[in-house]
Amino acid sequence: MRPLSLNPSLCSSRFPFFSFSNPIFLKFRNNPEVFQKSQKGPPFLILRCCGSGSVTAKPSWELRRNHAVQEPDEKVVAIRQLFSKPGIGIDAYIIPSQDAHQSEFIAECYMRRAYISGFTGSAGTAVVTKDKAALWTDGRYFLQAAKQLSSSWNLMRAGNLGVPGTSEWLNDVLAPGGRVGIDPFLFSYDAAEELKEAISQKNLELVYLYDLNLVDEIWKESRPKPPNKPIRVHDLKYAGVDVASKLSSLRVELVGTGSSAIVISMLDEVAWLLNLRGSDVPHSPVMYAYLIVEVDAAKLFVDKSKVMPEVMDHLKKAGVELRPYDSILSEIRRLAAEGANLWLDTSSVNAAIVETYKFACDKYLMNRRSRSKTKNNRHSESNSLSVGPSGVYMRSPVSLAKALKNPAELEGMQNSHLRDAAALAQFWCWLEAEIHKNLNLTEVDVADKLLEFRSKQDGFLDTSFDTISGSGANGAIIHYSPQVESCSVVDPNKLFLLDSGAQYVDGTTDITRTVHFGEPTAREKECFTQVLKGHIALDEVVFPENTPGFVLDAFARSALWKIGLDYRHGTGHGVGAALNVHEGPQSISFRYGNVTPLQKGMIVSNEPGYYEDHAFGIRIENLLCVREMNTPYRYGGIEYLGFEKLTFFPIQTKLVDLSLLSIEEIEWLNRYHSQVWEKVSPLLEGSARQWLWNNTRPIDKQ
């Protein structure tokens, strides 16, 4: 999978330690959260020159593009006209990329930031004031944003020297007392609180617009309809644990924390807990829904038109009732009015839900106070007000339970990876033949053909992310996404990086291979081999239980570090079982804020790389499952863990400089290729089977 961004604001990992409490869920212990605030640069850079005086260089965000005429952006004008409407009264409006569930991938009807700005990249935040419009994005998208934004927009190149963050910019451009509007459904509670605190430094007020989204108001009839494809039951043979058992385990957690109910808003958590799958979101088999689980009830908030009779029966058997998707806030109010203590994961539950609950709790206490004044009882007013509903603000226990795959989920992942490997062998056999015919294939042609081969496999549903197909210099762009109008032709004389994955009914795959169709240079072979050494080192590592992923990150980088090289992304991310290709809470990264220990049953990627700007990119990625290791000793009486491979596909040996590998590393490569042949060849025939044989033959150790 495309490695996760390094932007600390996007990748903050604040996961507590865990301890076992029952077979499915793990209980939480509070631990201090780790916050890393970015250092704010000065608004101007003063350059002292050798001559007299000084030169003031403005930061890039203030350098306007040289347009002869600034064409007014009709959408921006329309949204500004709403600022002064009754019930709105704002001076600025923020449009983030997220949906109401903080999803990585979102449905087209929720791509509001793309609609208002014209910028279609996956990451960015738009802000419109009464006289300015600005869009923030990271370095992956600077060129794309510059092309797509009209002259009405200022491009804010996040991470560049002197470029302020969203809140810092608002503090600078708005007068004290200004009002900043947001749709509270599109911000997690934590994100909204952070924004509120930041802009309050200049006496700006954050305004929640619950009843309307300003972008939707101007989008009107042209806005795509919400997805309405039917939900399906995820078969128990793939899920491994029935819904009743999962809900029972979750209820044990509720009682243990003193909670009356929990609100679950992350789409993959809802899907996993109820053994349901959907197709509302590209690349992810989930449906738009909220779930509230009480001690003696459960309610699914979803568009009922997507619930077929089979799904209805499935939910009834588990004691799950249906409610309209947009009735979630009224249910939150009802629970608070009954004195319910709600478990809310404020890092993912949106601000609209949390604020609605807090307001309803305050109303509950006010009503008690009013009633207490009309009664002449023996208790003091202070005592009568001492009991009331309150939130339990902890990370969702479903996140970790979902990450620990059960035997059925692991079997599905293993089987889907083998079918995926068969499709990849057929594809690479075809691609090499076409390249050797000197046919001009574009990066998009290659991605489309790979999809064609995968779609023929049993249980195929979708890709698990947009395929990264990068030839030569494009491979050095970590999050490269080829487009028909601008992509390159695959050059047989350059390195080619292909990062792809699929969603199957029984599992999720994610694999990267880097190849050369001609004769690689010594430099390319050196870099590839150092990446391979890091890949092998992580694959072979053994570590004590309770070890967080960041401890292992250096194993994958060590070989590169020894020659002064590195890569600017994490080494591994969690992967769901027939769910999202990016899954928490586990990861393998140099970011030490994520202290989640790697545990048996977790799946992570192993994807070190190296990227040489304007030249080539290299990445080798397999998926691994954490397993117990049979070590001769158990120091401290604890378990020692390691990894089991899920991905079985050849690594191109033509790119390996054998002089840089140890005998043990060569043995690892030969052993791996032997396993690839043994597991995948029975699924192939003809030329694809011959291709696999040619690419898994053992290497001479001499």
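Let me begin with the overall picture, bearing in mind throughout that the coordinates are predicted. The chain has 702 residues, of which 56% are buried, and its secondary structure comes to 21 helices and 32 strands. If we take the contacts with a separation of 6 or more, 71% of them are between residues 24 or more positions apart.

I turn now to a sheet. It is open, has six strands, and runs in the order β16-β15-β14-β12-β17-β18, with mixed pairing. At its edges are β16, residues 320-323, and β18, residues 392-393, each of which pairs on one side only. Within the sheet, β14 (residues 290-294) and β15 (residues 298-301) pair in the antiparallel sense over four bridges, and in that pairing Ile-292 stands opposite Lys-299 of β15. Two helices pack on this sheet, and I would like to take them in turn. Helix α10, residues 267-274, touches β12, β14, β15 and β16, and its direction makes about 55 degrees with that of β14. Helix α12, residues 328-337, touches β12, β14, β15 and β17, and in its case the angle with the direction of β14 is about 20 degrees.

The strands, β29 at residues 609-612 and its partner β30, pair in the antiparallel sense over four bridges, with Gly-609 standing opposite Arg-619. Which residues of β30 point one way, and which the other? Phe-616 and Ile-618 point to one side, Gly-617 and Arg-619 to the other, and all of them are buried.

Next, the helix pair. Helix α18 (residues 522-540) and helix α20 (residues 663-680) pack with their axes 11 Å apart and at an angle of about 75 degrees, and they are therefore roughly perpendicular to each other. On the α18 side the contact is made by Leu-532, Lys-533, His-535, Ile-536, Asp-539 and Glu-540, and on the α20 side by Glu-665, Trp-668, Leu-669 and Arg-671. Sorted by class, that contact has five charged, four nonpolar and one polar residue.

Staying with α20, its 18 residues reach 26 Å from the first C-alpha to the last, close to the 26 Å expected at 1.5 Å a residue. Its buried residues include Glu-665, Trp-668 and Leu-669, along with others such as Tyr-672, His-673 and Val-676. The elements that cover the buried residues of α20 include α16, β24, α18, β31, β32 and α21.

Not counting residues up to four places away in sequence, Arg-112 touches Ile-95, Leu-186, Asn-213, Val-215, Asp-216, Trp-219 and Arg-223.

Asp-553, which lies in helix α19 (residues 553-562), is likewise buried, with a relative accessible area of 2%. Leaving aside its neighbours within four places in sequence, Asp-553 is in contact with Thr-571, Ile-588, Ser-589 and Phe-590. The C-alpha atom of Asp-553 is separated by 9.6 Å from that of Gly-534, a residue 19 places from it along the chain.

Methods:
Residues are numbered from 1 along each chain as its sequence is written. This is a predicted model: local features need pLDDT of at least 70, side-chain atom pairs count only at pLDDT 80 or more; totals for chains, interfaces and linings use all residues. Side-chain values use heavy atoms; hydrogens and water are left out. Axes are lines fitted to C-alpha atoms, for helices over the stretch in contact, and angles run from 0 to 180 degrees between N-to-C directions. Angles under 35 degrees count as roughly parallel, over 145 as roughly antiparallel, 65 to 115 as roughly perpendicular and the rest as oblique. Contact means heavy atoms within 4.5 Å. Ala, Val, Leu, Ile, Met, Phe, Trp, Tyr, Cys and Pro count as nonpolar, Asp, Glu, Lys and Arg as charged, and the others, Gly among them, as polar. The expected span of a helix is 1.5 Å times one less than its number of residues. Buried means under 20% relative accessible area, exposed over 50%, partly exposed in between (1.4 Å probe, protein chains only). Two strands pair if DSSP finds at least two bridges between them.
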